[in-house]
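Subject: Structure handover

Hello,

Here is the structure for you to look at. My notes on it follow below.

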Amino acid sequence: MTRDHSLRGSLTGRQETILRVVIEDHVSSGQPVGSKHIAGREGLDVGASTVRYELARLEDLGFLNHPHTSAGRVPTDRGYRYYVDEILPREPGLPVTRDAISRSLELGEMRREIDAALRRLAEVVAQVTSLLSVVTAPQPASATVRHVEVLVLQPQLVMVVVITSTGAVTKRVFAFEEPVDPRLAEWAASFLNERVRGLAVGARMIESRLEEPSLTPRERAFVASLAPALTDLDPEERQHVYVAGQGRFLAEYREQDLREIDALMTAIEQRAALLELLRGALARNELYLRIGGEIGEPLFQGLSVVAANYGVARRNLGTISLIGPRRMDYRLAIATVREAAHALSNYVEGVYE
């Protein structure tokens, strides 16, 4: 999460309290917040006139905005950023988030299939926050070879089945001009398992591991024919993206600018566009948070993104993200994303050995 150091310490304690009240009330109600809803609140033993003065001051400083149709104020991107960077770090955590994720994921029962765990995690995170949840799966190239099968389907047709460390299964079929000896296929399976088990799928090292001077010309030619099943990733085998909470998101935030909602739903349908939206989060080892105009895409200026990477030591495998309106509950979103990334990192440690 990139801090704006120019904001640090720029507000008084009273101004911070008023800003926090405005943001949290606006997140809860979706409506502008007026001085009459602030005066007398806990921690604000001041009159309405003082509150009105401070609201005007916060507006002058760029933390609040004053809609023309209302006497109340709404937070600006700058206001949300100060809230996230300077106010929230002093707030207590949300243990309920950890409990909800731990109970719902039941990771111990899902170790056989990482895709199922990722899909379930996306659903749980969306349920906890009522935001749009996006979980990116590890790229195919990040998996390692666990087992290889070479099967003769027909006399001249051979299928190579590769099972990876994530539980994913890829199949490639190869046609030969002459019938294939089943014993040759059986030998090839043993040879491939011996040479490539534990190597990353698509790794350049695989080619060198398949070179063996003692092989006969027939064996060498057969192995070379099957090698693409291990060295060439299917161009269609791109990074999987699991999205949850679309229905709840649309129902909860239907008052958002329809252009923004339409752009977001289009990005979900077009996987590459969604990954492009999240590109900043994919390369980071810290919490990623972009508010409104900070995203950089004009169509998404009414939205915010909170994301964190998960993975193993010195290796990021994917990202857990929450997308919602600028008036999202940042405290809950940040706590949920952090806990989900932590839980998923612990899970994949047992998968990516």
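In helix 3, the buried residues are Gly79, Tyr80, Arg81, Tyr82, Tyr83, Val84, Asp85, Glu86 and Ile87. Buried means under 20% relative accessible area, exposed over 50%, and partly exposed in between, with a 1.4 Å probe and protein chains only. Helix 3 covers residues 77–87, and nine of its 11 residues are buried. Those buried residues pack against helix 1 (13–29), strand 2 (74–75), strand 8 and helix 14; contact here means heavy atoms within 4.5 Å.

**Basis**

This is a predicted model: local features need pLDDT of at least 70 and side-chain atom pairs count only at pLDDT 80 or more, while totals for chains, interfaces and linings use all residues. Residues are numbered from 1 along each chain as its sequence is written, and side-chain values use heavy atoms, with hydrogens and water left out.

**Overall**

The protein has 14 helices and 10 strands, taken as DSSP runs (H or I, at least four residues, for helices; E, at least two, for strands) and numbered from the N terminus. Of its 353 residues, 47% count as buried. Among contacts between residues at least 6 apart in sequence, 64% join residues at least 24 apart. The accessible surface comes to about 17800 Å², and 47% of that belongs to carbon and sulfur atoms; areas come from the Shrake-Rupley method with a 1.4 Å probe, and for residues only the protein chains shown count as cover.

Two strands pair if DSSP finds at least two bridges between them. Strand 3 (residues 132–136) pairs with strand 7 over four bridges, and Thr136 has Val241 as its bridge partner in strand 7.

Asn309 is in strand 9 and is buried, with a relative accessible area of 14%. Its side chain makes a polar contact with the side chain of Thr319 (2.6 Å). A polar contact is a pair of N or O atoms within 3.5 Å; within protein, one must be able to donate a hydrogen and the other to accept it, and residues adjacent in sequence count only if both atoms are side-chain atoms.

Another open sheet has three strands in the order 4-5-6, paired antiparallel. Strand 4 (145–154) and strand 6 (169–175) stand at the edges with a single partner strand each, so one side of each has no neighbour in the sheet. Strand 4 and strand 5 (residues 157–164) are joined by eight bridges, and His147 stands opposite Ile163 in strand 5. Helix 8 (residues 217–226) lies across strand 4, strand 5 and strand 6, at about 60 degrees to strand 5.

**Core**

The largest nonpolar core has 53 residues, of which Leu19, Ile38, Val306 and Tyr330 touch the most other members. Such a core is a set of buried Ala, Val, Leu, Ile, Met, Phe, Trp, Tyr and Cys residues joined through side-chain atoms within 4.5 Å. Helix 14 (residues 330–349) gives the most to this core, with nine residues.

Regards

Conventions: Axes are lines fitted to C-alpha atoms, for helices over the stretch in contact, and angles run from 0 to 180 degrees between N-to-C directions.
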